[in-house]
Amino acid sequence: MSAATAVPRSASGGAIERYTFRERVTHWLTGLTYLYCLATGLAFYSPHFFWLAVVLGGGPTSRYWHPILGVVFLMGTLWMQNLWRRDMEITETDKRWLDRMENYMTNRDELLPLQERFNAGQKLFYWLMFYGALLLLFSGLFLWIPEYIPRQAAWVRGLMILIHEIAALATIGGFIIHVYMGLLMVPGSMTAITTGYVSRAWAKAHHRLWYMRITGDAPPRE
């Protein structure tokens, strides 16, 4: 049974399982490997950030592990795709949510369409990181082994550097917003991805359709 179709379990006190153990392991694997690649990548990008490489063991060490953990990051991303692919499909409800996104940004959640397990903003972040990871690995391969690029195709390396930087900047922006939302804007999110459980009140407030589906509660009257 896939993670998308599994029925969440209940814990003591009526808490609901939001993330399985596999989902949490995958999330933290991709998150921590991305952070390492982000830190070492910034160190290579500008001398102002080279202190990050020093903290992480020095330039040669960072240069060695950056592409390897980049591959691990992509593997975790693909594993996450296998777990969450169906949950991340954009639906008509998501499109209506995006049309009213200003209400979410101004804390007027009562004006938003009811959401499933993930809201439209979370899905957009997911797809940003998924395609960003693919672009980062694809372009990074050319930077990992530049000696194998023929001299007459030297322009390819410049193009791959540009793609790598664009993908990095896009994912950095999304990652910052993701961390901000999880830590400050939606209290309880960090507990959910750490322990795997959320309260019924949290689930009902933030993901009402998901809550109704897994608990069997009737939908609210219009």
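**Overall fold and cores of a predicted model**

Among contacts in the protein chain (heavy atoms within 4.5 Å) between residues at least 6 apart in sequence, 69% join residues at least 24 apart. The model is predicted: local features need pLDDT of at least 70, side-chain atom pairs count only at pLDDT 80 or more, and totals for chains, interfaces and linings use all residues. Residues are numbered from 1 along each chain as its sequence is written, and side-chain values use heavy atoms, with hydrogens and water left out.

The protein chain holds ten helices and two strands. These elements are DSSP runs, numbered from the N terminus: helices are H or I runs of at least four residues, and strands are E runs of at least two. Their order from the N terminus is β-α-α-α-α-α-α-α-α-β-α-α. The C-alpha trace spans about 70 × 35 × 35 Å along its principal axes. The chain has 222 residues, and 39% of them count as buried. Buried means under 20% relative accessible area, exposed means over 50%, and partly exposed lies in between (1.4 Å probe, protein chains only).

The largest nonpolar core has 23 residues. Such a core is a set of buried Ala, Val, Leu, Ile, Met, Phe, Trp, Tyr and Cys residues joined through side-chain atoms within 4.5 Å. Ile 16, Tyr 19, Trp 84, Tyr 104, Val 198, Ala 203 and Trp 210 touch the most other members. Two or more residues each come from helix H3 (59–84), helix H6 (120–144), helix H8 (189–195), H9 and H10. H10 gives the largest share, four residues. Apart from this core lies another, of nine residues, including Phe 73, Leu 74, Met 129 and Ile 172. In soluble globular proteins, nonpolar side chains tend to be buried together.

Helix H10 covers residues 208–215. Its buried residues are Trp 210, Tyr 211, Met 212 and Ile 214. Their cover includes strand E1 (16–17), strand E2 (197–198) and helix H9 (200–206). Just after H10, Gly 216 takes a positive phi of about 80°.

Trp 84 was also examined. Leaving out residues up to four places away in sequence, Trp 84 touches Tyr 19, Glu 23, Arg 117, Phe 118 and Tyr 126.

Thr 40 lies in helix H1 (residues 21–45). Thr 40 counts as buried because its relative accessibility is 0%. Beyond its neighbours within four places in sequence, Thr 40 is in contact with Leu 56, Ser 62 and His 66. The side chains of Thr 40 and His 66 are joined by a polar contact of 2.6 Å. A polar contact is a pair of N or O atoms within 3.5 Å; within protein, one must be able to donate a hydrogen and the other to accept it, and residues adjacent in sequence count only if both atoms are side-chain atoms.
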